[in-house]
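Please keep the viewer open while you read.

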Amino acid sequence: MSTLTYYNTNAQQFYTATVSVDLTANQDHFLSRLSQGASILDFGCGSGRDAKYFLSKGFYVDAIDGSEELCKLASAYAGIQVKHMLFQELSVADQYDGIWACSSILHLPAEELAKVMEKMSAALTSKGIIYTSFKYGTFSGERNGRFFTDMTEEAFADFIGRIDSLAIEEQWVTFDARPGRGEEKWLNLILRKRQMQ
């Protein structure tokens, strides 16, 4: 809960620092794999930056966040009602063509992360995709008031091997897009829902 306390306490500061960050390369790469007008869940939407972008491109978007304060800011910015919800509370099935989890589910410990990713898989339509990103590395624990699970290609391959319903379709490493953070690396992933027999 310390992570949620951090975001509720620092919501305005976090919003200001992230709302204008240019992630169009990753956003457009994700959208290129979806049909026009597809349904997207912005899972841990933070400032609402990405939800607003997807809406502007003609996609149907639902957005959730665990921080009540960020939900208020994101709702005002994106122009949709952002639902206050924890990742663990996702319970829909076969609803979204894509789930965008940009630097969000990295706040879960590995065991909790696996359970949430099973829920994300269930929420996807047939052949649906997930975009997600993690700070690059092998650290797991609290850092600067928040919990993080970092990932490398090897660590994530080992992790996702325990989730039968999802497969890695693509992965790439980028540098942090925020000013002054360029030395930080991120692991970006596109996961696809497997067709279960």
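## Rings and a helix

Phe43 and Phe87 are both buried, where buried means under 20% relative accessible area, exposed over 50% and partly exposed in between (1.4 Å probe, protein chains only). This is a predicted model, in which local features need pLDDT of at least 70, side-chain atom pairs count only at pLDDT 80 or more, and totals for chains, interfaces and linings use all residues. Residues are numbered from 1 along each chain as its sequence is written, and side-chain values use heavy atoms, leaving out hydrogens and water.

Rings of Phe, Tyr and Trp (its six-membered ring) pair if their centres lie within 6.5 Å; planes under 30 degrees apart count as stacked, over 60 as edge-to-face and the rest as tilted. By this rule there are 12 aromatic pairs, including these two:

| Pair | Centre distance | Plane angle | Class |
|---|---|---|---|
| Tyr6 and Tyr7 | 5.3 Å | 90° | edge-to-face |
| Phe43 and Phe87 | 4.7 Å | 50° | tilted |

Phe43 belongs to strand E1 and Phe87 to the loop between strand E3 (83–84) and E4, so their pair ties together parts 44 residues apart in sequence. Helices (H or I, at least four residues) and strands (E, at least two) are DSSP runs, numbered from the N terminus. Tyr7 is buried at a relative accessible area of 8%, while Tyr6 is partly exposed at 23%. Ring pairs also link Phe30, Tyr53, Phe54, Trp100, Tyr131 and Trp172 into a cluster.

Now for helix H6 (residues 110–123): its buried residues include Leu113, Val116 and Met120. Contact means heavy atoms within 4.5 Å, and the partners of the buried H6 residues include strand E1 (39–43) and helix H7 (153–160).
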